[in-house]
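Visitor: I'm new to this one. Can you walk me through it?

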Amino acid sequence: MGRYVIRRLIQAIPVLIGATLLIYCIVFALPGDPIAGLFGDKRPDPAIAEVLREQYHLNDPLLLQYWYYISGVIFRGDFGVNFANVPVSQIMAGKFQVTLNLAVTALVMEAIIGVGLGLWAALRRGKAADTLILAATLLLISVPTLVTGFVLQLVLGVKLKQWTGADIFPVAGTTEGLRSYLVPGFVLAGVSIAYLTRLTRTSLAETLRSDYIRTATAKGLPRRRVVGRHALRNALIPLVTYLGADLGQLMGGAVITETIFNLQGIGNQLFTSVHLREQPVVVGVVTILVLVYILANMIVDLLYAVLDPRIRYE
Amino acid sequence: MKKTSADVLPAGGGSGNEPLLAVDDLHVEFHTRAGVVRAVNGVSYTVRAGETLAVLGESGSGKSVTAQAIMGILDMPPAVIPKGEIRFKGTDVLKLSERDRTQVRGERIAMIFQDALSALNPVFTVGWQISEMFRVHRGMSKGAAMKKAVELMDRVRIPAAKQRVHDYPHQFSGGMRQRIMIAMSIALDPEVLIADEPTTALDVTVQAQIMELLAELQRESQMGLILITHDLGVVADVADKIAVMYGGRIVENAPVHDIYKAPAHPYTKGLLDSIPRVDQKGQELYAIKGLPPNLLSMPTGCAFHPRCPYRQENCVTDTPPLYEISGTRGSACHYWREVLDGERQ
């Protein structure tokens, strides 16, 4: 198992290099001049612009620029500086925490609501509750985050306060600790909740049809035990993969939610930096996201072995 | 106070002449979108303590559905039991509440399934699965139940039971897995054991070992054994009597030696003739002509008539009852005499 983890981490290196190179090239190919952007509406002084270009290696060929960047990351753990000379690591530090809080809140909601509703629907297949849950998930999938975000912000953040007088859900920002993440977390998790509900329902329904469930019933076990122990343990296995892969998705896909609720996370930062063509920041953020993806996937694979004894890592 | 199976049903041996288990005129239907499938149409059979009944028939003949109805593990709906009784020691288990039924299941009547790999839960150790019987039904502690599991694994002759009790089903061979299935089913000394094609998924040498083990366990505990199979070779050695099923009905029942000597139903005769024999090497193998009946649209009259070499006009219109040939033998064929005499028309 230790060897498996090491092998997985070694495999992550080419993935990381490939992903960063790709992003570097894409940002390079964007139209516009980052140095000109520093001067706002004014015309940049050609001499100063030239000095800055030289300082940030902007006159060098693409691959050489990339090499300056990636060697710094690998050998010095230095993610470089943006064009205002602020270290990228410093820019990301607090923002990463905000996005992580948001993504984890969303993931927890997804796990509780999605799995809960899915199990409930599977055990009442064909009944009213099941149909209602399925219709609700369909609605949740079809409405874009942009809509659910603004609607919930208005209803829960603004109107609820006007009606009750109590500030239950903050409208925006992160000043209220965990409470400020509840509504954005739900908005971010929305579509995933719907998918996970459907996945859970299918998974449990399929498990309940399997031979070993028939055996468990034939053993004279109470229905509670047949479903709660024998079926559930098997039905959970595919859900773990989905949840693990979704953590990366949630962190990377938080741009819209962060903008609506004014959360200063890396999604927001990424959006700004792409505008300013700040390669080091964009690549730095993406590198972190790729790392999260890789780690989340590895944890999922390891959890697999815990849940399903048929899987062994040598 | 928790109800035990002794509160639900009388303990001890069957009273007087009443057989241990009696299936009486059982009907099972499946209500599907395509229509009503009549899987079992009035099946009756009995098993006494220490007796082995072999239920023979091809896929779709209703033999497994009958067994699942006895166990009470049919999915209802879509399954419906419109008619019939299943009497265990005189009590109709179909009339018991679901709660009482759970007490009978596994404890008094147990079942072995065909494919032990899919019938055992892949994510729990075999010891956990066997010992669960003692923990749930007897309220034993984990340790004591696990000890019992090791004893049972020894009893079904799994080598190194003490070490292997913590292994998972996929770590065993097919034969060993079926032994685990058997150990689990006999854990609580059931009075009736239903084995649904217990050897079909195994290779021939292992088949013989498993059948031997079942026969031995039965001798020790005087269980009534219902052996569901389509393998006539398996039946000859271990069964006391045979019930042959076709299209959801019993078409012939008889003591085992009678059937092998002279079948009294054309279908049974066809089955026996289709066993490959060494002295017929080089000749074409015999097969019953035609296909098994479609359960959605059963042939009128005798369900076997489209495939029957003895067919007469009335076979198409009149459903034959189970004619009594002797006290222990019956055949659902209008022309059982001709079949018995071996004259092919």
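Guide: One definition before we start: two strands pair if DSSP finds at least two bridges between them. Helices (H or I, at least four residues) and strands (E, at least two) are DSSP runs, numbered from the N terminus.

Visitor: So in β5(B), what is the bridge partner of R87(B)?

Guide: D92(B) is the bridge partner of R87(B) there. The model is predicted: local features need pLDDT of at least 70, side-chain atom pairs count only at pLDDT 80 or more, and totals for chains, interfaces and linings use all residues. Residues are numbered from 1 along each chain as its sequence is written, and chains are lettered from A and ligands numbered from 1 in the order in which they are written.

Visitor: How many bridges join β4(B) and β5(B)?

Guide: Two, in the antiparallel sense; β5 of chain B covers residues 91-92. The hairpin of β4(B) and β5(B) has two residues between the strands, and K89(B) takes a positive phi near 50° in it.

Visitor: Which way does β1 pair with β4 in chain B, parallel or antiparallel?

Guide: Antiparallel, over seven bridges. β1 is residues 21-32 and β4 is residues 79-88 of chain B. E29(B) stands opposite V80(B) in β4(B).

Visitor: Switch to chain A. How many helices and strands does it have?

Guide: Chain A has 13 helices and zero strands. Its C-alpha trace spans about 85 × 60 × 30 Å along its principal axes.

Visitor: What share of chain A is buried?

Guide: Buried residues make up 34% of its 314 residues. A residue is buried if 20 or more other C-beta atoms lie within 10 Å of its own, exposed if 12 or fewer, and partly exposed in between; the C-beta atoms are placed from the backbone.

Visitor: What's up with α8(A) and its span?

Guide: α8 of chain A, residues 179-208, spans only 38 Å between its end C-alpha atoms. A straight helix of 30 residues would span 44 Å at 1.5 Å a residue. The expected span is 1.5 Å times one less than the number of residues. α8(A) also has a kink of about 55°, centred on G190(A). The bend at a residue is the angle between axes fitted to the seven residues ending there and the seven starting there.

Visitor: Why is α8(A) described as largely enclosed?

Guide: Because 22 of its 30 residues are buried, α8(A) is largely enclosed by the rest of the structure.

Visitor: Next, the interface. How many residues of chain A are in contact with chain B?

Guide: 20 residues of chain A are in contact with 22 residues of chain B. Contact means C-beta atoms, placed from the backbone, within 7 Å.

Visitor: Which helix of chain A gives the most to that side?

Guide: α9(A), with seven residues. Both α9 (211-218) and α10 (223-252) of chain A supply at least two residues each. The side of chain A that touches chain B divides into seven nonpolar, six polar and seven charged residues. Ala, Val, Leu, Ile, Met, Phe, Trp, Tyr, Cys and Pro count as nonpolar, Asp, Glu, Lys and Arg as charged, and the others, Gly among them, as polar.

Visitor: Last topic, I130(B). Where is its place?

Guide: I130(B) is in helix α5 of chain B, residues 126-138. I130(B) counts as buried because it has 27 C-beta neighbours inside 10 Å.

Visitor: What does I130(B) touch?

Guide: Not counting residues up to four places away in sequence, I130(B) touches A149(B), L152(B), I180(B), A183(B), M184(B) and A187(B).

Conventions: Two residues are in contact if their C-beta atoms, placed from the backbone, lie within 7 Å.
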